[in-house]
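Please consult the sequence and the coordinates while reading the sections below.

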Number of protein chains: 2
Amino acid sequence: MAKATLKTIARATGYSITTVSRALGGFDDVNEETRRAILDEAYRQGYEPNLQARALQKRRSQTIGLVLPTGGPSFPDPFFAEFLAGIGSETARSGFDLLVSTPSAEISEIDVYRRFVAGGRVDGVILMRSRVDDVRIRFLLERHFPFAVFGRTDLNESYAYIDVDGRAGQAAMTLHLIELGHRRIAYMTPPSTLMFARFRLQGFYEAMAQKGVPVDERLVVECDLSENAGKHRALQLLKLDNPPTAIMTGNDLMAIGVMNAVREMGMRVGRDIAVGGFDDIPAAEHLNPGLTTVRQPIFHIGQQLTLRLLQVIEGEISGEQSTLLAPELILRGSSNHRQHDRPEQEVGTHLETSTDIRKANK
Amino acid sequence: MAKATLKTIARATGYSITTVSRALGGFDDVNEETRRAILDEAYRQGYEPNLQARALQKRRSQTIGLVLPTGGPSFPDPFFAEFLAGIGSETARSGFDLLVSTPSAEISEIDVYRRFVAGGRVDGVILMRSRVDDVRIRFLLERHFPFAVFGRTDLNESYAYIDVDGRAGQAAMTLHLIELGHRRIAYMTPPSTLMFARFRLQGFYEAMAQKGVPVDERLVVECDLSENAGKHRALQLLKLDNPPTAIMTGNDLMAIGVMNAVREMGMRVGRDIAVGGFDDIPAAEHLNPGLTTVRQPIFHIGQQLTLRLLQVIEGEISGEQSTLLAPELILRGSSNHRQHDRPEQEVGTHLETSTDIRKANK
DNA sequence: AGGGACATCCGAAACGTTTCGGATTGCCGA
DNA sequence: TCGGCAATCCGAAACGTTTCGGATGTCCCT
């Protein structure tokens, strides 16, 4: 059996290609009887529309693109799978496909976007890990191409994004540690080209200032997003003459490294040194002691971002809708002085600084 | 500036569409001078070929598909991100894109494949988590559509796959536990529709028989792949009159649940009860104690599978190439009686049963 | 009887690309 | 002088779909 097309169905039923197309398309200018005959024949032949041809004609590919961030040395955040699942759940519901691309040595990141956009490969893209002065976003804005971003930028344009309030999250973590009595608090911040690093760092400074706790600049260090880098940096901190009593990190991977470093120095996490992370990756809960961290509802973000992007594509919203989500502080054993052998019962605290979900229209 | 196409370049340079196409395509029947003129103009206009049109004409989409497994209740294996990264790294190198689809309530899994295949959306697909009497594989074989599978099946056809020798892996784990002195060993096996579950179960039985250790069938239970299910099942096992002294599971997620169950019963993992997992997900190393498990080189598998698929697509291999990889037993604190407070130094042992990488041609 | 309204169908162009099969030159050797 | 060959170029068809602008016929109303 050759490949079924509109033409083969047309020939088999005696109708024209146009009529077959319209029958299959559910238009109302085709007789019920004819439609049935055509549908039957289509089924018999196992017809599936050629999506390339359709996309070519409609100038719509029913596909959205996602380019894996290739920033750091380590591959994507551990919660990447969850993010993808969130995106996937929504694309599936609306009949869209998801095209994933990995920039390589040969093909630069921006070229991937060029291909996606100009090649008509996708109808819109989702970006993650927004950067300072983000070229990708600039490129897309310039072309008026639909997109939605996980994270804010410092660009003076408006577009659709969803972000977690990292400033509030990191501030909450800092306040928590201060309340536990810590004064010498270290903060390991991710590379400053990443927007989220800035907001979190800002939250740290603000909370310290608010409580009048002095910041020792030697305890504020930049660090790559990996476990190894975290361990390395933490060892340096712990070997200072006047080491910190608490170490906060810009993401959980780094925090895991810190915990290892603490152990390697013969100290105990949660008792001798408090550790705080950010993200709440799956492993955070299973560490011993459990990692106190700030949770981001990543699956949900993936979903919402997709929804938002689809609206932009349909032209339903002006592309300026943005949402700032309130993060949630998750307290576990890594920041608990009283008990550390067994992870304490998990406690979720909604921050008072931002109420649930806040919509912001620029 | 309107969209650049072959036509706009042709008009601008005064050459025909054919010549423009051939110049851009690098054919040798176009004058060097003309070619340069055309390339210049193409660059000036920011030309990018329309990939839909190209795909339609060439009947090749330069895209491979991946359908997320939707089998169990829980979302994909934690190492899914790594698998995807492996695939991505190879597709990028060869200029292919990756189309990811998530079956939803509305669109059944097999429909996704139908769309992919008949719709000309992809040139080949990668399957993971092969199943007993796998309909997907049957479908693809029937259509003579290129594909490559992570995992074997019981179908009597030959096709390209890569698998980890789960039988050998589970046997090695079992032998390890027996050597530690365990006699009452429980095994929590994943749903038997999954092929890998069968092989691992088989490895368990064989090792037990080899050492003459009796299997108590009440200690062999089927269990979903999630942490929760693992915990639940483990509690049942531990409450038996004559409970096991060691519990092995078919994947790491279940093992984490087991470890929680053990703790909840007031016993200590690695001391009172040995626990063994399978997969070596990232979290396994960070548990306390660390989880003894069997490692699968998942990134590498993603890469190789992609390479294999591309060869099948190019028609370079007959589609019958298959590889069985030797798993690696990773010993950590969860199966160590002597020491459990701190995870012991990680030890990797290559199994003697299968040498490095073994090629099998059916 | 004429006209309009409606139901049903179709031809042809278009989306942007590739490619087959020539067509047009200019030049060389015999 | 002419056949032939190489170097360049191009027209047109094809890939499979959607859609615009009718075409045809039927029936009813006045």
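## Interface between the protein chains

Chain A and chain B bury about 4,200 Å² between them, and carbon and sulfur atoms give 57% of that area. Buried area denotes the accessible area (1.4 Å probe) that two parts lose on being put together, summed over both. The size of an interface is often given as the accessible area lost when the parts come together. On the side of chain A, Q52(A), R121(A) and H286(A) lose the most area to chain B, together 16% of what that side buries. With contact defined as heavy atoms within 4.5 Å, 45 residues from chain A and 43 residues from chain B take part.

This is a predicted model, in which local features need pLDDT of at least 70 and side-chain atom pairs count only at pLDDT 80 or more, while totals for chains, interfaces and linings use all residues; side-chain values use heavy atoms, with hydrogens and water left out. Residues are numbered from 1 along each chain as its sequence is written, and chains are lettered from A and ligands numbered from 1 in the order in which they are written.

## Polar and charged pairs across the interface

Four salt bridges are counted between chain A and chain B, a salt bridge being a side-chain nitrogen of Lys or Arg within 4 Å of a carboxyl oxygen of Asp or Glu. R115(A) forms a salt bridge with D97(B), where the closest N and O atoms are 2.8 Å apart.

## Elements that form the interface

The side of chain A that touches chain B receives at least two residues from each of α4, α5 (80-93), β2 (97-101), α6 (109-118), α11 (252-264) and α12 (282-286) of chain A. Helices (H or I, at least four residues) and strands (E, at least two) are DSSP runs, numbered from the N terminus. The largest share of this side, eight residues, comes from α5(A). By class, this side has 20 nonpolar, 15 polar and ten charged residues; Ala, Val, Leu, Ile, Met, Phe, Trp, Tyr, Cys and Pro count as nonpolar, Asp, Glu, Lys and Arg as charged, and the others, Gly among them, as polar.

Strand β2(A) is also joined to strand β2 (residues 97-101) of chain B by three bridges, and the two strands run antiparallel. Two strands pair if DSSP finds at least two bridges between them. In this pairing, V100(A) stands opposite L98(B) in β2(B).

## Surface around DNA strand C

DNA strand C has 25 residues around it, of which T19(A), T34(A), R59(A), L6(B) and Y47(B) come nearest. A residue is near a strand if one of its heavy atoms lies within 4 Å of it. Of the atoms of DNA strand C within 4 Å of the protein, 65% belong to sugar or phosphate and the rest to bases. The surrounding residues comprise eight nonpolar, twelve polar and five charged.

Bases of DNA strand C are approached from both chains: an N or O atom in the side chain of D29(A) is 3.2 Å from a base nitrogen, and one in the side chain of T18(B) is 3.2 Å from a base oxygen.

## Surface around DNA strand D

DNA strand D is surrounded by 25 residues, the closest being L6(A), Y47(A), R54(A), T34(B) and R59(B). Sugar and phosphate account for 63% of the atoms of DNA strand D that come within 4 Å of the protein. Helices α2 and α4 of chain A, with α2 and α4 of chain B, each supply at least two residues of this surface, which has eight nonpolar, twelve polar and five charged residues.

An N or O atom in the side chain of T18(A) is 3.2 Å from a base oxygen of DNA strand D, and a polar side-chain atom of Q57(B) lies 3.3 Å from a base nitrogen. T34(B) has a side-chain N or O atom 2.8 Å from a phosphate oxygen of DNA strand D.

Notes
Polar contact = N/O pair within 3.5 Å; in protein donor to acceptor, adjacent residues only side chain to side chain.
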